[in-house]
Amino acid sequence: MEKNETMTNDDIRTILKREADAVLNIPVTDGYNHAVELITKYVHSENGRLITCGMGKAGQIAMNIATTFCSTGTPAYFLHPSEAQHGDLGLVRENDIMLLISNSGKTRELVELIDLTRGLAPDMKFIVITGNPDSPLAREATVCLTTGNPEEVCPLGLTPTTSTTVMTVIGDILVVKTMKAISFSNKDYARRHHGGYLGSKSREQSEKE
């Protein structure tokens, strides 16, 4: 058995640089403004909810984005694409909006989910985050936000690493822009965080407003 190579500090810096470069090279388009306009319209004006979906690692990112939106004033939940085919699709309502995440843009469960969702809500709008702007999901999107399709830092070039980093950042952009669009305040934050350090800090800051 070969001995494992020791990672040097230069190796670590190289990984950090590749990930940082990938974030800095995320394509910046008017799609972000359009996506936030859709979220604020359907969730905050028409009493809908943001539904996030993804499979595998992308699904974990989608779940994180949903919880972050919830904590910052935008009702959201994660819908597992496979479970959706076994009844969970019943959660979907007319004024909801969907955020689908797939690096390839070809994830079968998500492609199928679009058709299934339109059976319940024909006018559903879809925001898609993908590394492939020419993919089936991108073609079905109301708004497509591309990651720039960076190379994974995984030595095999396979494991979702850099791609999930940029997906997370794109989610953060949507959250922050939506917070600004709805004028989300420290008082609003404190109402949603009753425990822990963040709860205490938000209450202290809200008292100063």
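Which residue is the bridge partner of Ile97 in S4? It is Lys125. The model is predicted: local features need pLDDT of at least 70, side-chain atom pairs count only at pLDDT 80 or more, and totals for chains, interfaces and linings use all residues. Residues are numbered from 1 along each chain as its sequence is written, and side-chain values use heavy atoms, with hydrogens and water left out.

Start with the sheet. Strands here are DSSP runs of E with at least two residues, helices are runs of H or I with at least four, and both are numbered from the N terminus. Five strands form an open sheet in the order S2-S1-S3-S4-S5, with parallel pairing. Two strands pair if DSSP finds at least two bridges between them. Strand S2 (76–78) and strand S5 (143–146) stand at the edges. Each has a single partner strand, so one side of each lacks a neighbour in the sheet. On average, neighbouring strands are turned by 20° against each other, direction ignored. Axes are lines fitted to C-alpha atoms, for helices over the stretch in contact, and angles run from 0 to 180 degrees between N-to-C directions.

Now take strand S3, residues 97–102. Strand S1 (residues 50–54) pairs with S3 in the parallel sense over five bridges. Thr52 has Leu99 as its bridge partner in S3. Strand S4 (residues 125–130) also pairs with S3 in the parallel sense, over six bridges. There, Met98 stands opposite Phe126 in S4.

In a regular strand the side chains alternate between the two faces of the sheet. How many of the six residues of S3 are buried? Six of six are. Buried means under 20% relative accessible area, exposed means over 50%, and partly exposed lies in between (1.4 Å probe, protein chains only). One side of S3 carries Ile97, Leu99 and Ile101; the other carries Met98, Leu100 and Ser102. Both faces are covered.

Next come the helices. H2 lies across S1, S3, S4 and S5, and runs at about 130° to S5. Two packed helices are described by the angle between their axes and the distance between the axes. The axes of H2 (residues 31–45) and H7 (residues 162–181) come within 10 Å and cross at roughly 55°. That makes H2 oblique to H7. Angles under 35 degrees count as roughly parallel, over 145 as roughly antiparallel, 65 to 115 as roughly perpendicular and the rest as oblique. Contact means heavy atoms within 4.5 Å. From H2, the contact uses Tyr32, Asn33, Ala35, Val36, Ile39, Thr40 and His44. From H7, it uses Ile170, Ile173, Leu174, Lys177, Thr178 and Ala181.

Two single residues complete the tour. Ala66 is found in helix H3, residues 56–71. Ala66 is buried, with a relative accessible area of 3%. Leaving aside residues up to four places away in sequence, Ala66 touches Thr52, Ala76, Tyr77 and Phe78. The C-alpha atoms of Ala66 and Leu50 are separated by 7.6 Å, and the two residues are 16 residues apart along the chain.

Pro81 is found in helix H4, residues 81–84. Is Pro81 buried or exposed? Pro81 is buried, with a relative accessible area of 0%. Pro81 and Glu109 are 28 residues apart along the chain, yet their C-alpha atoms are separated by 5.7 Å.
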